[in-house]
Amino acid sequence: MVRDWLIRAAVFCLALTGSAVAADHAVILEYHHVGTDTPAATSVTPATFEAHLDYLAEHDFRVWPLSRVLGYLERGKALPENTVALTFDDAYESVYRAAFPRLRERGWPFTVFVSTDYIDKGYSNYMSWAQLRELGQNGAELGNHS
């Protein structure tokens, strides 16, 4: 099945990047949609996303907030091996519905880059300001998606 092959390929790539001693780098995983009813080109299914999270946990990755990773790099401070940051572009509603509960359950930080015009206009497939506030109150970092 194509989807199974894609999962294996993604895990293999992650394994390759995570096998190096970090010191001066981290892996940053970037997502858009987490759903089955969103465009396939920019989506992972909730099951695939869960498989990614399981892989990170099973292989002792350290999930850090993006700001902490950047702070270490700016100061020239060595990063631990297998450091990873999780990010989401555009503030799609599927991130709130499917990714946020999984990440909150694990206590893992993540960053959402928000397209504010879409939120202000109330487009239906984007989070609301109330949902974004909830993310922020529960450890998510919010950044501007220019």
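Student: In which strand does aspartate 90 lie?

Tutor: This is a predicted model, in which local features need pLDDT of at least 70 and side-chain atom pairs count only at pLDDT 80 or more, while totals for chains, interfaces and linings use all residues. Residues are numbered from 1 along each chain as its sequence is written, and side-chain values use heavy atoms, with hydrogens and water left out. Helices (H or I, at least four residues) and strands (E, at least two) are DSSP runs, numbered from the N terminus. In these terms, aspartate 90 belongs to strand β5.

Student: Does aspartate 90 count as buried or exposed?

Tutor: Although aspartate 90 is not a glycine, its phi is positive, about 85°. Relative accessible area under 20% means buried, over 50% exposed, and in between partly exposed (1.4 Å probe, protein chains only). Because its relative accessibility is 10%, aspartate 90 counts as buried.

Student: What is the phi of aspartate 60?

Tutor: Aspartate 60 is placed in the loop between α2 and β4 (62-63). With 58% relative accessibility, aspartate 60 counts as exposed. Aspartate 60 is a residue other than glycine, yet its phi is positive, near 55°.

Student: Is the pair of phenylalanine 88 and phenylalanine 110 stacked or edge-to-face?

Tutor: Rings of Phe, Tyr and Trp (its six-membered ring) pair if their centres lie within 6.5 Å; planes under 30 degrees apart are stacked, over 60 edge-to-face, and the rest tilted. Phenylalanine 88 lies in strand β5 and phenylalanine 110 in the loop between α4 and β6, so their pair ties together parts 22 residues apart in sequence. Both residues are buried. Because the ring centres are 5.7 Å apart and the planes stand at 90°, the pair of phenylalanine 88 and phenylalanine 110 is edge-to-face.

Student: Which tryptophan ring lies under the charged end of arginine 68?

Tutor: A charge sits over a ring if NZ of Lys or CZ of Arg is within 6 Å of the ring centre and within 35 degrees of the ring normal. One such case is arginine 106, whose charged end sits over the ring of tryptophan 108, 5.2 Å from its centre. The charged end of arginine 68 sits, 3.7 Å from the ring centre, over tryptophan 64.

Student: How wide an arc do the buried residues of α6 cover around its axis?

Tutor: The buried residues of helix α6 (residues 129-137) are Gln131, Leu132 and Leu135. The arc is taken from the directions from the helix axis to the C-beta atoms. These residues lie on the same side of α6 because they cover an arc of only 100°.

Student: How far apart are the C-alpha atoms of threonine 36 and serine 94?

Tutor: Threonine 36 is in the loop between β2 (33-34) and β3 (43-44), and at 69% relative accessibility threonine 36 counts as exposed. Leaving aside residues up to four places away in sequence, threonine 36 touches Thr45 and Pro46, where contact means heavy atoms within 4.5 Å. Threonine 36 and serine 94 are 58 residues apart along the chain, and their C-alpha atoms are separated by 9.4 Å.

Student: What percentage of the residues of the protein count as buried?

Tutor: The protein has 6 helices and 7 strands. Of its 146 residues, the buried part is 41%.
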